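This report describes one protein chain for a reader who has not seen it before. Please look over the sequence and the structure first.

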Amino acid sequence: MKLQKILIISFSIFVTLPAFLFAQRSGIIIGEVIDGSNSKPLAFANVYVKGTTIGTVSDEEGLYRLENVPAGEQTIVISFIGFADHELPVNITGGEVHPLESTTLLAESIMGEEVVITAVMRGQVAALNKQANSNTIVNVVSKDNIEGVPDVNAAESISRLPGISIDRSGGEGSKVTVRGVSPRFNSITVNGIRIPATGSGDRSVDLSMITSDILEGIEVYKAITPDMDADAIGGSINLLTKTADEGLQGRVHLETGYHGLIKNLGTYKGSVSLGNRFLDNRIGLLGTFTFHRANRNTDVFDASYELQSIDSEGNPSFRVKDMDLENKIETRDRYNASFTADYKMKTGKIVFDYFYTLTEKDKLDRNIHINQPNNDLAYGIRHEYQNLDLHSFQLRGNHDLNRVLISYSLSHSRIGNEVPYRYSTGVERSAAFESGFPLDAPPHVLTNYIRYELDDVPGGAGFGRGDNKITDRNYTGQLDLKVPLFASGGLNGYIKAGGKIRQKYRDRDINSYSIFDGVRYYNAFIAEYPDVTRLGRNIYVENFLDSEFEGYTFAMGPSYVMPYAFDDKIKAEHYDKFAGVDSLWRKSLNSPYNEFIALERIMAGYLMAEINIGNLMILPGIRFEQDFNEYTGTVGYSRDLIAIQNDTTGNRTIRNWLPMFHIKYNFIKELNIRLAATKTMTRPDFMSLTPFERINYAGRPEENIVHRGSLDLELPTAWNYDVFLNYYSRFGLVSAGAFYKKIENVDIDITYVDYSGNNILGDPDFNPTYGMNITNPINSEDPTIVWGAEFEIQTNFRWLPKPFDGIVLNANFSLINSETYYPFFPVEYLPPTWLPSIKDTARVNRLPGQANQIINVTLGYEKRGFSARVTMNYQGNKLTSSGRDEPRDKYSEEYLRWDAVVSQELGIHWRVMMNFINFTNEPEITYSWRPEYPTASRYYGWAVNLAVRYDL
């Protein structure tokens, strides 16, 4: 610790001492860049001092600030691909700010003809310019690129970038994996405001709640800087919304479409935005609202297998144990709204952002469950309604105070994830299979032997119900100071320092109920429905079946059928009548153990500098983060229907020093190399930190189960190393690089039998959990290693002769690999005592969710208001869970998806579009060991949408 403090003090003296020398030898230039084709601000244009390496890019509003400009006569060059360069002579007085008039860039000419830059091309160039001029490793997506492909949410848009794969829910992207690292290892923000985790017990964020239409752009930082949140081992993803441009601006978008799985119209989508600037452009107001209804119906196949034997060549023999067929009928209504108000002053700007999203999911699941060893079959129904909402407020500003830039932010964000009601019911029958069925039959053969009949089967009157709610609130304050250092010849730079505090309150409430007294429930049911068909106390299932249901054939093939289904209207009526009768229900004894209340207070500070020496940029810095955690959980035990439970609270403080170092070297103006060495971290999942303990006494010690959390877990940390080569010119961007991550102290759940001590009462070594199965989190003693390479090309062919000058190509290819240790603990009986003991061993495998290959290709064409795109997204197979040996591993199959969009301008204001989504009807499939043993498949269907848009 003393050494760290000495290094920090030395670094501070090194970067601050020259600050006293620069004031009279350099000045500052501020200005604005305008697009001559539409008179709108031109974002991310290059601005630099001719003959030097001093430069910057214009921001989203076309504004730029050029610091450390040497005193005397200088020439400012402003450039943007597709536009002619513009030079401005200026006489710089040391210690002063020089405002320049707005600069309008005009389209350049190629072969004597003016080049027409379309909106999508302009957006692509702007994003590439920002990416190419960044001092760190970042991928940028512009609004125009987002609109150029048929992505319905933010996760889908992010998945087009190198090194990123996604998890899907209902056919659309939900959670993002960056460079093979789990979604919980990423930082997700909107306009820099942290989005709280949406998951029930982990720290991942479901990005399906944010529609792509509301976004102005996306930034994915693969190597962070000290002024960013450090819990970003995978990466830091920032979603951007827009502030108002000069003049009245607005858009109306309407869309509907046909869904192939439901064979009906399944999508209704609309958005409207309106904005303007007032009082000589000092005040800007912009609001956006979107609504999206989508049918996310899915046909699902799930199976589990029993490993029967492994032959001498290592080939396993499996037997189907359980099999589920599910027809998921889901309607998603997604509402997004944003409002931005900004006030510009001579010395800076103040911005107020509000962002809101609400996703309502109405989910009906009709299912069949088959158990081969018990030879039984069950029909079931489950209906659930879910609300997922996000509120985000932010007041942010930046000001120039005598050459010291000060920026600040105060924000509040809240996530609510609530299931207000959930109910389910089912009926079982025995003798599910015809005699003579082969025991080792694969699923598609086994279904031909199933007896689906439900004649005179009793059941279906009772059901289970539940509800749950998660609330997460973040309050954040941040202050940053930036001071230019020196400007002498080829030497210039700045120092930046700041601090941040974020306080999180999170609570999770879960309730699950079952029938307390079957006789009492039967009597209450008969009192309400005296005319049901029954024999004694047996109420026949025919009372609850949908009489209009004509059978259903699943998308998996003709051998997968559902001849009967429960009538959800009848079951919904039963829920309404009986859910409020408390005397009929018993709350699950395990519910309290899954609940918690968490307080997290994170205090951070950082110090960094940027030093430019000729063509070399060096960015050293360090970040300090201190976590205070206070968690409340439940400890107790249950035996039969009796439980003893008590709350318990624990707290801890933990600190981390996180050094970071970036280098960028420009070989020539168009070619540079970037290197980064950064230390980042993450935080264990909420349930892992909750100090709960649940002991279920089932009888014999080996049948008893113990689950625990631990507030003593260390924070996982990682050293990340990156090297990337970028070539950026009027033809586009070509990028290639490699990365390496070494992650220490990864928190994982382990399961073992506790044979420490003994089971002798009164003995000093007595262990109350002796012989029981224990599951608890630990920090892995072995590091996780992730490495890979990324290649990217983004270009247009406007330099080709007509008509080929309208071609646009974006492509990237990623190779990723990883090694992590999965511990397991077999029981051994060793001589001479032959007492049981635990063998501590581990197996090396790759990370769950990590695809070895990721490929994205978008090929488009634009000409005279016409635009077309065909996109391909490929993800290699992914490990979903690692077993004790290779035959027990489970994988998701490789996934190849094709989408397309065609659009045409109609006049000045109108555009019509047609989207073709998953037009090859690609399913998601998982398997055990090899693809011939499928464990799950998800068929989402294809869709065609037609849209019309009006722009002011």
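## Leu-481 in strand S27

Leu-481 belongs to strand S27, which covers residues 464-488. Strands here are DSSP runs of E with at least two residues, helices are runs of H or I with at least four residues, and both are numbered from the N terminus. The model is predicted: local features need pLDDT of at least 70, side-chain atom pairs count only at pLDDT 80 or more, and totals for chains, interfaces and linings use all residues. Residues are numbered from 1 along each chain as its sequence is written, and side-chain values use heavy atoms, with hydrogens and water left out.

Leu-481 counts as partly exposed because its relative accessibility is 39%. The classes are buried for under 20% relative accessible area, exposed for over 50%, and partly exposed in between, with a 1.4 Å probe and protein chains only. Not counting residues up to four places away in sequence, Leu-481 touches Leu-405, Ile-406, Ile-495, Lys-496 and Ala-497. A contact means heavy atoms within 4.5 Å. From Leu-481 to Ile-406 the C-alpha distance is 4.7 Å, although the two are 75 residues apart in sequence.

## Strands S25 and S26

Strand S25 (residues 376-401) pairs with S26 in the antiparallel sense, over 25 bridges. Two strands are said to pair if DSSP finds at least two bridges between them. Within this pairing, His-383 has Tyr-423 in S26 as its bridge partner. S25 and S26 form a hairpin with two residues between the strands, where Asn-402 has a positive phi near 55°.

Strand S26 spans residues 404-430 and includes Val-427. Val-427 has a relative accessible area of 3%, so it is buried. The C-alpha atom of Val-427 is 9.1 Å from that of Leu-454, which is 27 residues apart from it along the chain.

## A five-strand open sheet

Five strands make an open sheet with mixed pairing, in the order S12-S17-S18-S15-S16. Strands S12 (138-142) and S16 (193-194) stand at the edges with a single partner strand each, so one side of each has no neighbour in the sheet.

Inside the sheet, strand S15 (residues 186-190) runs parallel to strand S18 (residues 235-240), and five bridges join them. Val-190 stands opposite Leu-239 in S18.

Thr-243 sits in the loop between S18 and strand S19 (249-259). Is Thr-243 buried or exposed? Thr-243 is buried, because its relative accessible area is 9%. Leaving aside residues up to four places away in sequence, the residues that Thr-243 touches are Glu-61, Gln-249, Leu-286, Thr-340, Asp-342 and Val-351.

## The chain as a whole

The protein chain has eight helices and 57 strands. Along the principal axes, its C-alpha atoms fill a box of roughly 100 × 75 × 60 Å. The radius of gyration is 31 Å, which agrees with a compact globule of 952 residues, because such a globule would have a value near 30 Å. This radius is taken over C-alpha atoms, and the globule rule is 2.2 Å times the number of residues to the power 0.38.

Of the 952 residues in the protein chain, 55% are buried. Among contacts with a separation of 6 or more, 70% are between residues 24 or more positions apart. The protein chain exposes about 40,100 Å², and carbon and sulfur atoms supply 55% of that area, which comes from the Shrake-Rupley method with a 1.4 Å probe.
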